[in-house]
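Thanks, everyone. Please have the sequence and the model open while I talk.

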Amino acid sequence: MTKSTPEPLKLDCPTCGNKVLWTDDFPYRPFCSERCKMIDLGEWASENHKIPGEPVDINDEDLER
């Protein structure tokens, strides 16, 4: 009996949409390149990407824990 190697996961780069295989050939996965990874990081840093929810107010009481 021969064990078959499962096919790697195929997905689209979140930045540009290029196909990415979940293998060592794509070290920046889920991105296709370092460029796409850095574009995404810049979007988060400039607050163009946000996780929905209520704003959190940090006060002195929270910092004492």
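Start at phenylalanine 31. Setting aside neighbours within four places in sequence, its contacts (heavy atoms within 4.5 Å) are Cys13, Pro14, Thr15, Val20, Cys36, Lys37 and Asp40. Phenylalanine 31 sits in the loop between strand 2 and helix 1. Helices here are DSSP runs of H or I, at least four residues, and strands are runs of E, at least two, numbered from the N terminus. At 11% relative accessibility, phenylalanine 31 counts as buried. Buried means under 20% relative accessible area, exposed over 50%, and partly exposed in between, with a 1.4 Å probe and protein chains only.

A word on the source. This is a predicted model, in which local features need pLDDT of at least 70 and side-chain atom pairs count only at pLDDT 80 or more, while totals for chains, interfaces and linings use all residues. Residues are numbered from 1 along each chain as its sequence is written, and side-chain values use heavy atoms, with hydrogens and water left out.

Which residues make up the largest nonpolar core? Five residues: Leu11, Cys13, Val20, Phe31 and Cys36. A nonpolar core is a set of buried Ala, Val, Leu, Ile, Met, Phe, Trp, Tyr and Cys residues joined through side-chain atoms within 4.5 Å. Two of its members, phenylalanine 31 and leucine 11, are 20 residues apart in sequence. In space, their C-alpha atoms are 9.2 Å apart.

Now the cysteines. Cysteine 13 is buried, because its relative accessibility is 3%. Cysteine 36 is also at 3% relative accessibility, so it counts as buried.

The cut-off for a disulfide is a pair of cysteine sulfur atoms within 2.5 Å. For cysteine 36, the closest cysteine sulfur belongs to cysteine 32, at 3.7 Å, so the two are too far apart for a bond.

Next, arginine 29. Its charged end sits over the ring of tryptophan 22, 5.5 Å from the ring centre. The rule asks for NZ of Lys or CZ of Arg within 6 Å of the ring centre and within 35 degrees of the ring normal. Arginine 29 is also joined to proline 30 by a cis peptide bond, with omega about 15 degrees. Proline 30 is found in the loop between strand 2 (19-21) and helix 1.

On to helix 1, residues 34-45.

Glutamate 47 follows helix 1. Its place is in the loop between helix 1 and helix 2 (60-63). Phi of glutamate 47 is near 65 degrees, a positive value in a residue other than glycine. Is glutamate 47 buried or exposed? Exposed, because its relative accessibility is 53%.

Last, the whole chain. There are two helices and two strands. Along the sequence the pattern is β-β-α-α. Of the 65 residues, 9% count as buried. Among contacts between residues at least 6 apart in sequence, 4% join residues at least 24 apart.
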